[in-house]
Amino acid sequence: MAMNLFGSVANAIAEVVKAFVETEVSEDNIIDLFCMMHNNQSVLSVPLIKGCRMHDPKVPTEFVVGTCLEPFLAYVSYKCMPSAKTVHESAELRIRATRDIAAGEEITMCYAPEIRDYQTRKSDLKTYWVIDCNCLLCQKGDFGPQGPLRDQVRALKNIDLAQYPDRLGEVKRAIQAMRDAGFGWGADPMRELHQQLLRGYFAKMNASECLRLALKIRYQIEPAQYPPNSMQSRLETLYVLQSFLNFPAPGTSKLSELPMKVKEVAIQVKFNLRDMLARDIAQCFGSDSMVANFEKDFAERQSAEFNLHVQAFAKNKLYKHVPLHRGDAARTKFVKNMNELLKGTGLIALDAKDLL
């Protein structure tokens, strides 16, 4: 019998079953069945259809709706940086690649939630899945903050800044402490700390700072992350970023106004970000998925309505939206406008490959 927390739970369940159910199955077999069900279950989650008006940075892109047992998945090996993931679409459980997979390469999946902290990940894998992982990521060891600094940043990852906005200063100081200790933007938990700042400024209804932080997370922090963030996590950032470029935002009448020069550029780029969102959702969940079809149709309707408005009322026809896939001119225009937006919010300009 496993001498850990999970083993204790399994043992307790076996004792309860034997005490209250008439069965010839032994306690050891009950424990084995419980462990097999736990270790081989697949979490079922469905994407949340948001449209383009979902500001709240606390709302995820997916919701867990249940679990299932799938024999094929039980044979897929574990890795902390997997090559595939499961997607639940209607009555189907699909396996989708998270990166290019070479011919003959083993398909791998991550059973656990996305845990970036090395010590927590290793502990949870051993406690709940009895896995002593030795993948390439685990071989690199713990390259995050240690000692008191680790305790400081971990304590700030999960506080609710909507309730305690006065603690924004603590999060800022923790970020600066990590920078002073030599950690780059890709270090854990740099992304989570900046997300905390974004939530705090959203609670304060500071639109300019929210937009700046969303841009920083999308274009400065996420590209530096190792291991890379999941596509679902990056989609959450893109949802939040493009939603802050809509004026006005329903339900956020107290949100402060963005500077006029930022607004002017935002008009130019927000529909291109919608195009990117529809593209990335199709890549994440499948081009035939319900959420991909909805977001594609939504983006096309928004673009068509905007262009009709421009044609009827706008003096500057250059505002007309042209999808990025239409050619080099549209992409060049987007890169120029996006860099104006970055510089207008105090961030550095980027190359086309980093923006597209």
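Start at Ser 289, in the loop between helix H11 (260–285) and helix H12 (290–313). The model on screen is predicted. Ser 289 is buried, with a relative accessible area of 0%.

**The whole chain**

Zoom out. The chain has 14 helices and six strands. Of its 356 residues, 45% are buried. Take the contacts with a separation of 6 or more: residues 24 or more positions apart account for 64% of them. The chain exposes about 19100 Å², and carbon and sulfur atoms supply 56% of that area.

**Salt bridges**

A search of the whole structure finds 15 salt bridges. Select Asp 288, Glu 92 and Arg 94. These residues are linked in a network of salt bridges.

Next, pick Glu 105 and Arg 99. Their side chains meet in a salt bridge, 2.7 Å from N to O. Glu 105 is partly exposed, at 31% relative accessibility. Arg 99 is partly exposed too, at 38%.

Lys 296 has a relative accessible area of 44% and is partly exposed. Glu 300 also counts as partly exposed, at 44%.

Go on to helix H13 (residues 328–344). Lys 336 and Glu 340 are four residues apart there, so about one helical turn separates them. Their side chains meet in a salt bridge of 2.9 Å, N to O. Lys 336 counts as exposed at 52% relative accessibility, whereas Glu 340 is partly exposed at 35%.

**A nonpolar patch**

Switch to a surface view and colour Phe 72, Ile 95, Ile 101 and Ile 107. Together they make a nonpolar surface patch of about 320 Å². Ile 95 belongs to strand E5 (residues 92–97). It counts as partly exposed, at 34% relative accessibility.

**Helix H4 and the residue after it**

Select helix H4 (residues 118–128). Which of its residues are buried? They are Arg 121, Lys 122, Leu 125 and Thr 127. Then step just past H4 to Val 130, where phi is positive, at about 55°.

**H6 against H7**

Show helix H6 (residues 147–157) and helix H7 (residues 168–180). Their axes come within 10 Å and cross at roughly 145°. The crossing is left-handed. From H6 come Leu 149, Gln 152, Val 153 and Leu 156; from H7 come Glu 170, Val 171, Ala 174, Ala 177 and Met 178.

Follow the chain out of H7. Pro 189 lies in the loop between H7 and helix H8 (190–203). The peptide bond from Asp 188 to Pro 189 is cis, with omega near 5°.

Continue to Met 205, in the loop between H8 and H9. Met 205 has a positive phi of about 60°, although it is not a glycine. At 24% relative accessibility, Met 205 counts as partly exposed.

Finish at Pro 227, in the loop between helix H9 (207–221) and helix H10 (231–243). Here, too, the backbone has a cis peptide bond, from Tyr 226 to Pro 227, with omega near 0°.

Note on methods
Residues are numbered from 1 along each chain as its sequence is written. This is a predicted model: local features need pLDDT of at least 70, side-chain atom pairs count only at pLDDT 80 or more; totals for chains, interfaces and linings use all residues. Side-chain values use heavy atoms; hydrogens and water are left out. Patches are made of residues with over 30% relative accessible area and no salt bridge: like charges are joined within 9 Å, nonpolar side chains (Val, Leu, Ile, Met, Phe, Trp, Tyr) within 5 Å. Accessible areas come from the Shrake-Rupley method with a 1.4 Å probe; for residues, only the protein chains shown count as cover. A salt bridge is a side-chain nitrogen of Lys or Arg within 4 Å of a carboxyl oxygen of Asp or Glu. Helices (H or I, at least four residues) and strands (E, at least two) are DSSP runs, numbered from the N terminus. Buried means under 20% relative accessible area, exposed over 50%, partly exposed in between (1.4 Å probe, protein chains only). Axes are lines fitted to C-alpha atoms, for helices over the stretch in contact, and angles run from 0 to 180 degrees between N-to-C directions. A crossing is left-handed if the near helix is turned anticlockwise from the far one by less than a right angle, and right-handed if clockwise. Contact means heavy atoms within 4.5 Å.
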